[in-house]
There are 2 protein chains.
Amino acid sequence: MAAEPQRKPRRPRGSLNQQVIVQAALRIADRDGIEALTFPALGRELEAHPTAIYRHFRDKDELMLALVDALHEEVTADGLPVTDDWAADLRAVAGRIHAAFLGHAQVGQIVAARTARRPHEFAVVEHILGCMRRAGLDDSEAARCYRVFADAVLAYSSMEAALHALDPQAREADLLSWEVDYRRLPPEQYPNLAATIDHIPALDSPGNFPLMVELLITAIRAGRAGRAGKGTEEAK
Amino acid sequence: MAAEPQRKPRRPRGSLNQQVIVQAALRIADRDGIEALTFPALGRELEAHPTAIYRHFRDKDELMLALVDALHEEVTADGLPVTDDWAADLRAVAGRIHAAFLGHAQVGQIVAARTARRPHEFAVVEHILGCMRRAGLDDSEAARCYRVFADAVLAYSSMEAALHALDPQAREADLLSWEVDYRRLPPEQYPNLAATIDHIPALDSPGNFPLMVELLITAIRAGRAGRAGKGTEEAK
DNA sequence: ACCTGAACACCGTTCAAGT
DNA sequence: ACCTGAACACCGTTCAAGT
């Protein structure tokens with residue numbers, strides 16, 4: 001007959017490489033969830049033998065780190081514009097990171113747990129440092145504020161990605177728990193909750209992340225006021 | 001002779017419960033790492049059959065959520081003191097959360113990924129809301145700032161726990177990557193990095209978290225200035 | 001040099017059988 | 001009611017054998 005079984009669609013010789021594997025892994029994670037990202041699944045997606053990936057990545061952890069780096073690459077893909085408004089630039093880069101993490105929420109959720117630093121993060125570091133210096137901070141303050149701003153944006157985005165990555169039922173249950181459980185608490189024991197419960201934003205409210213960014217920018221603008229920890233040089 | 005084999009040290013009848021299992025799980029995670037926390041390992045630690053845990057937890061995920069809740073319990077264990085200084089109270093509760101997460105870093109690292117809200121978190125919510133209201137924020141602002149402050153503290157602490165939970169070699173490699181890789185970058189392409197590299201705190205510098213908390217407090221104190229997002233009522 | 005096949009150790013989960 | 005034993009499906013990883 002015309003359609004013979006064709007059991008083993010072998011890949012051509014050198015067609016497997018890190019980039020092809022990373023793209024396939026991203027497709028699987030985005031489509032079926034991070035827990036569905038297994039070597040057998042990768043083999044099917046690539047139409048290759050599951051263990052062929054070991055030619056290109058030492059182990060699964062190294063593949064995961066490559067996925068995280070792919071997200072950072074997406075952040076810097078179109079270049080990070082530098083304007084004369086450092087605060088606007090900080091909002092922009094924070095928004096880019098946040099968007100990339102939620103856009104690939106299944107991978108974004110593991111970023112916080114995988115702290116390894118990879119090549120594509122360099123450009124982001126340089127960019128944020130520039131914003132801090134243009135804000136008028138001295139080198140020491142700029143360096144410390146960079147560290148905190150970048151890590152806060154990373155950690156918060158990763159946490160929101162984790163919520164975003166939950167399957168719909170579990171997520172709905174999580175959000176409903178807030179609506180239901182918290183309203184049931186006795187007002188005399190939880191007076192502050194009782195007074196403000198109607199104003200508390202949802203866990204996944206889109207305004208949460210921008211507000212955190214805005215608070216950090218406000219504090220950076222406020223400048224030397226309220227700096228904690230060692231290394232606060234009064235020299236000036 | 002005297003010491004007979006005694007192969008199966010059976011547990012007495014009703015001696016297994018959620019609390020006993022959670023404590024055993026925490027011991028294993030703290031001692032051997034989160035990836036060593038398996039049903040077989042739990043069986044050995046409890047001297048019970050591995051699958052006996054299924055009598056008390058629906059699946060492994062539910063056990064993990066119980067571990068996360070145990071951390072929140074630790075935060076509120078000694079009560080959260082309310083003084084006349086809302087900023088100091090915010091520092092204190094943030095420090096408690098941070099300490100609990102790093103104290104059980106193996107569990108702390110998964111908190112951000114497991115967003116489920118559990119009983120022992122109620123008291124923390126109430127406490128932080130009280131701080132925000134005493135800061136002079138109206139109910140809407142207090143609610144929004146609570147959400148961002150609490151989640152930022154949670155996310156940042158969880159990320160630091162993840163770094164803290166890495167095995168020593170991997171962690172050393174991560175920290176060294178900063179020292180080495182970043183110093184190798186061409187200064188003309190990364191001028192801001194070149195200028196500030198000596199001032200950038202280490203990934204695990206103990207000052208990072210307090211600085212983030214201080215920045216948030218500074219912004220909250222700055223008050224209405226620079227609030228972003230919808231719901232910014234100009235009524236006043 | 002690169003990919004494949006088979007095997008190994010291990011884990012989460014289920015369920016019928018014991019006490 | 002509670003725990004145990006055995007089995008099942010599945011996964012990461014290794015390694016000798018193929019082309």
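Predicted model: local features only at pLDDT ≥ 70, side-chain atom pairs only at ≥ 80, totals over all residues.
Contact means heavy atoms within 4.5 Å.

Figure 1. Buried means under 20% relative accessible area, exposed over 50%, partly exposed in between (1.4 Å probe, protein chains only).

**Figure 2. Helix H10 of chain B and its cover**. H10(B) spans residues 208-222. Its 15 residues reach 21 Å from first C-alpha to last, close to the 21 Å expected at 1.5 Å a residue. The expected span is 1.5 Å times one less than the number of residues. Helices are DSSP runs (H or I, at least four residues), numbered from the N terminus. H10(B) is mostly covered, with 12 of its 15 residues buried. Among them are Phe209(B), Met212(B), Glu214(B) and Ile220(B). The cover includes H7 (139-165) and H10 (208-222) of chain A. From chain B it includes H4 (86-103), H6 (122-134) and H7 (139-165). Gly223(B) follows H10(B), with a positive phi near 75 degrees.

**Figure 3. The largest cavity**. Seven cavities of 30 Å³ or more are found in the whole structure. The largest has a volume of about 90 Å³. It is lined by 11 residues, of which Glu121(B), Val124(B), Ile128(B), Ala150(B) and Leu154(B) lie nearest its centre. H6 and H7 of chain B are the elements that give two or more residues to this lining. The largest share, four residues, comes from H7(B). On a 1 Å grid over the protein atoms alone, a cavity is a set of points where a 1.4 Å probe fits but cannot get out; lining residues have an atom within 4 Å of a point. Grid points are joined across faces, edges and corners, and a volume is the space filled by probe spheres set on the points.

**Figure 4. The largest pocket**. About 1500 Å³ of space lies here. The lining has 44 residues, with Gln109(A), Ile110(A), Ile110(B), Ala113(B) and Arg114(B) nearest the centre. Both chains give elements with two or more lining residues, including H5 (105-111) of chain A and H5 (105-111) of chain B. A pocket is an open set of grid points with protein on both sides within 12 Å along at least five of seven lines.

**Figure 5. Helix H1 of chain A**. H1(A) covers residues 18-32. Its buried residues include Ile21(A), Val22(A), Leu26(A) and Ile28(A). The buried residues of H1(A) pack against H2 (39-46), H3 and H5 of chain A.

**Notes.** Residues are numbered from 1 along each chain as its sequence is written, and chains are lettered from A and ligands numbered from 1 in the order in which they are written. Local features need pLDDT of at least 70, side-chain atom pairs count only at pLDDT 80 or more, totals for chains, interfaces and linings use all residues, and side-chain values use heavy atoms, with hydrogens and water left out.
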